[in-house]
Amino acid sequence: MSNITAVDKLDELKLTEYLTQHIDAFSGPLKATKFAGGQSNPTFKLETPKATYVLRRQPPGKLLKSAHAVDREYRVLDALVDSNVPVAKVYHLCEDTSLIGSMFYVMEYVEGRVFWNSALPEISDNLTRTQMYQNMAEVMASLHSVDIEKAGLHDYGKPGNYFERQFSRWSKQYQLSITQDIPEMDKLISWLEKNLPADDGKVSLVHGDYRMDNLMFHPSEPKVIAVLDWELSTLGHPYADLAYQCMQLRLPDNVGKATGLGGIDRAKLGIPDEADYVASYCDLMGIDKIENWNFYLAFSFFRLAAIAQGVAKRAEDGNASNKEAQAVGGMVKPLVQYALQLTQ
């Protein structure tokens, strides 16, 4: 069986037998359908006569040590089930790779809406857009307020010096992935290194990829009912999530496949500007303001640029995960240039 077929197909009879033994009230027959989209962890809808579930698996084949960590996703979702962070309920983690060819977990199927365009063109009125962004900030604040010890996540990542460690990691990753000389990136790396803020002791659970299309909204209300795709979650600095989200507000919609809001009249759409969004978050977290804000924003652009460079390198080496990966390399220089504007 080829890897492509292995990713798209599941042995429904084998899976039915296994899940019947491991999930209460589960019974077949089972129909598995792969969700469309670019998930790095292939995701399937499992339909049975009595209920519908979702299965997320690692892709088959050889993987980097920390990549596609569905066991970490399962752990954090299980830890958050009784928190103020809306998540899908998880039912079972299977670490036996012999069953379907890779590790996987099963969770509840949540009926709702996912919006791929941050401008929310599907929404007909400005008030609803405003409420959706406000709830987005509220959910982020709930995430950053999770009691890590109480949730059993005290060892979910390394606490402290988050930006120093992340800067070191992504600088090295970038150096290993260079396919073209970008002097602006050297300038940005130098600035970030010189302007690393002192560790302020803030440690929280962070999502790592907090953006509009990783949220599921209620079918008819401006309310997040599930935060999706926890693959990059860890213990880190809460401002990393906030700055990443605000980077999305700044990005134009023509940088790679991003659906940014840069250059769009957000007030006309009822979408808050960056200052209002940050102020709302600060109010929810009970803080006055955020020092070194430009550093956090510049770092977000740098991190995304380093990730894009890694994708471009894998494309050049012939083992990228999708056909459009090579085009992602064209994002690197514009992202670096956006970051450098923040260093002036």
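Modeller: We start with a term. On a 1 Å grid over the protein atoms alone, a pocket is an open set of points with protein on both sides within 12 Å along at least five of seven lines. A cavity is a set of points where a 1.4 Å probe fits but cannot get out, and lining residues have an atom within 4 Å of a point. This is a predicted model, where local features need pLDDT of at least 70 and side-chain atom pairs pLDDT 80 or more, while totals for chains, interfaces and linings use all residues. Residues are numbered from 1 along each chain as its sequence is written, and side-chain values use heavy atoms, with hydrogens and water left out.

Biologist: How many nonpolar, polar and charged residues are in the lining of the second largest pocket?

Modeller: The lining includes A79, L80, D82, S142, V146 and K150. Ala, Val, Leu, Ile, Met, Phe, Trp, Tyr, Cys and Pro count as nonpolar, Asp, Glu, Lys and Arg as charged, and the others, Gly among them, as polar. The lining then has four nonpolar, four polar and three charged residues.

Biologist: How much space lies in the largest cavity?

Modeller: One cavity of 30 Å³ or more turns up in a search of the whole structure. Among the residues that line the largest cavity are Y162, D241, F299 and R303. A volume is the space filled by probe spheres set on the grid points, which are joined across faces, edges and corners. For the largest cavity, that comes to about 100 Å³.

Biologist: Which elements give two or more residues to that lining?

Modeller: Helices (H or I, at least four residues) and strands (E, at least two) are DSSP runs, numbered from the N terminus. For the largest cavity, the elements asked for are α7 (238-250) and α10.

Biologist: What covers the buried residues of α4?

Modeller: Buried residues of α4 include M132, Y133, M136 and M140. Y133 is in contact (heavy atoms within 4.5 Å) with residues including S118, M212 and Y277, leaving aside neighbours within four places in sequence. The cover includes β6 (204-206), β7 (215-217), β8 (224-227), α7, α8 (266-269) and α9.

Biologist: Is E274 buried or exposed?

Modeller: E274 is in helix α9. Beyond neighbours within four places in sequence, its contacts include R250, R266 and W293. Its relative accessibility is 14%, so E274 counts as buried.

Biologist: Which peptide bond is cis, with omega near 5 degrees?

Modeller: Most peptide bonds are trans. The place to look is the loop between α2 (12-22) and β1 (31-34), where P29 lies. The cis bond runs from G28 to P29.

Biologist: What is the phi of N292?

Modeller: Most residues other than glycine have a negative phi. N292 is found in the loop between α9 (274-285) and α10. At a relative accessible area of 44%, N292 is partly exposed. Its phi is positive, near 60 degrees.

Conventions
Buried < 20%, exposed > 50% of the residue type's maximum accessible area, 1.4 Å probe, protein only.
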